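Subject: Structure for you to look at

Hi,

Here is the structure I promised to pass on. Please open it alongside this message, and my notes on it follow below.

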Amino acid sequence: MKRILSVLFLAVMALTASAETHYKPHISIGARGGVTLGRMSFSPSVRQGWVMGSTGAVTFRYTEEKLFGLIAEFGWVQRGWAEGYKNDVEKLPFKYSRSLTYISLPILTHIYFGSRRFKTFVNLGPQFNFLIGSSISSNFDYHNIASVPDYPRNRMTDQLTMDIKNRFDYGICASLGFEFYASPRNSIVAEGRFYYGLGNIFPSSKADVFSASRNMSIEISLGYNFRLK
């Protein structure tokens, strides 16, 4: 957490210093929406795949004409995981996925380059999240695994029924995208984003089942920005 706050502080200081140059600042508001693919970083590992969800946010962006800016967003994002029951060895008919819905607040350094009409950008910074909902989709009784015919007995199953202990999550977010300006004040943004959580959703002491249970997600979104200034 200290490292994240240090990165954020340095980004803000750099932005403030940049604002003191002769370049004219731009302020934009907007919105974006898209789809997510989520999975977890478990230790011990769990066979899993990606689970699909949604994401959306309202955005505030401060930029300088010379390559640099800062973005703050407020929105939601769905993460989670899907148990993996199909591989080269197993072709099992079971399905289980868990969706985790968070309120999210990314604060990102924005670096961009290109022409007046078309720009490429890279965003990087911390993201803070708070869990507001959790849902499970399954085609078997995961509360009573012993009664499920043909369920493999060599798989970890604790994660199927464990309650989320830590509703607050934080991590690092990085993205790459493109922005097309239909006019000097109106632009369309396409972005691919990766998030890696630094907090655990399940208890993680030496006596607990998992030493790590961290969110990961890929987001693909389309957005619109309107320049106020």
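A word on classes before the notes: Ala, Val, Leu, Ile, Met, Phe, Trp, Tyr, Cys and Pro count as nonpolar, Asp, Glu, Lys and Arg as charged, and the others, Gly among them, as polar. On that basis, the lining of the largest pocket divides into five nonpolar, nine polar and nine charged residues. Please keep in mind that this is a predicted model.

The pocket

The largest pocket holds about 530 Å³ of space. Its lining is made up of 23 residues, and those nearest the centre are His 26, Ser 115, Arg 116, Lys 119 and Tyr 181. Strand 1, strand 3, strand 5 (96-114), strand 7 and strand 9 are the elements that give two or more residues to this lining. Strand 5 gives the most, with four residues.

The cavities

Searching the whole structure turns up two cavities of 30 Å³ or more. About 170 Å³ of space lies in the largest cavity, which is lined by 18 residues, with Ile 71, Glu 73, Val 189, Glu 191 and Asn 225 closest to its centre. At least two lining residues come from each of strand 1, strand 3, strand 4, strand 6 (118-138), strand 8 (186-197) and strand 9. The most come from strand 9, which gives five residues. By class, the lining of the largest cavity has six nonpolar, six polar and six charged residues.

The salt bridges

Side chains of opposite charge can pair when their charged atoms come close. How many salt bridges does a search of the whole structure find? There are seven.

You will meet Glu 73 again here, as its side chain forms a salt bridge with that of Arg 32 (3.1 Å, N to O). The pair links distant parts of the chain, with Glu 73 in strand 4 (residues 68-83) and Arg 32 in strand 1 (residues 25-43), 41 residues apart. Are these two residues buried or exposed? Glu 73 has a relative accessible area of 4% and Arg 32 one of 11%; buried means under 20%, so Glu 73 is buried and so is Arg 32.

Arg 32 also meets Glu 219 in a salt bridge (3.5 Å, N to O). Here the partners are 187 residues apart, Arg 32 in strand 1 and Glu 219 in strand 9 (residues 212-227). Glu 219 counts as buried too, at 2% relative accessibility.

Another pair to look at is Glu 179 and Arg 61, whose closest N and O atoms are 2.9 Å apart. Elsewhere, salt bridges with shared partners join Arg 32, Glu 73, Arg 79, Glu 191, Arg 193 and Glu 219 into one network.

The surface

Finally, there is a nonpolar patch on the surface, with about 910 Å² of accessible area together; among its residues are Ile 29, Phe 60, Phe 118, Phe 178, Leu 222 and Phe 226. Strand 7 and strand 9 each supply at least two of the patch residues, and the largest share, three residues, comes from strand 9. Phe 226 is located in strand 9 and counts as partly exposed, at 31% relative accessibility.

Methods
Residues numbered from 1 in each chain as written. Predicted model: local features only at pLDDT ≥ 70, side-chain atom pairs only at ≥ 80, totals over all residues. Heavy atoms only, no water. Salt bridge = Lys/Arg side-chain N within 4 Å of Asp/Glu carboxyl O. Buried < 20%, exposed > 50% of the residue type's maximum accessible area, 1.4 Å probe, protein only. Patch = residues over 30% accessible without salt bridge, like charges linked within 9 Å, V, L, I, M, F, W, Y side chains within 5 Å. Areas by Shrake-Rupley, 256 points an atom, 1.4 Å probe, with all protein chains shown as cover. 1 Å grid on protein atoms, 1.4 Å probe; cavity = no way out; pocket = protein on both sides within 12 Å on 5 of 7 lines; lining within 4 Å. Points joined across faces, edges and corners; volume = space filled by probe spheres on them.
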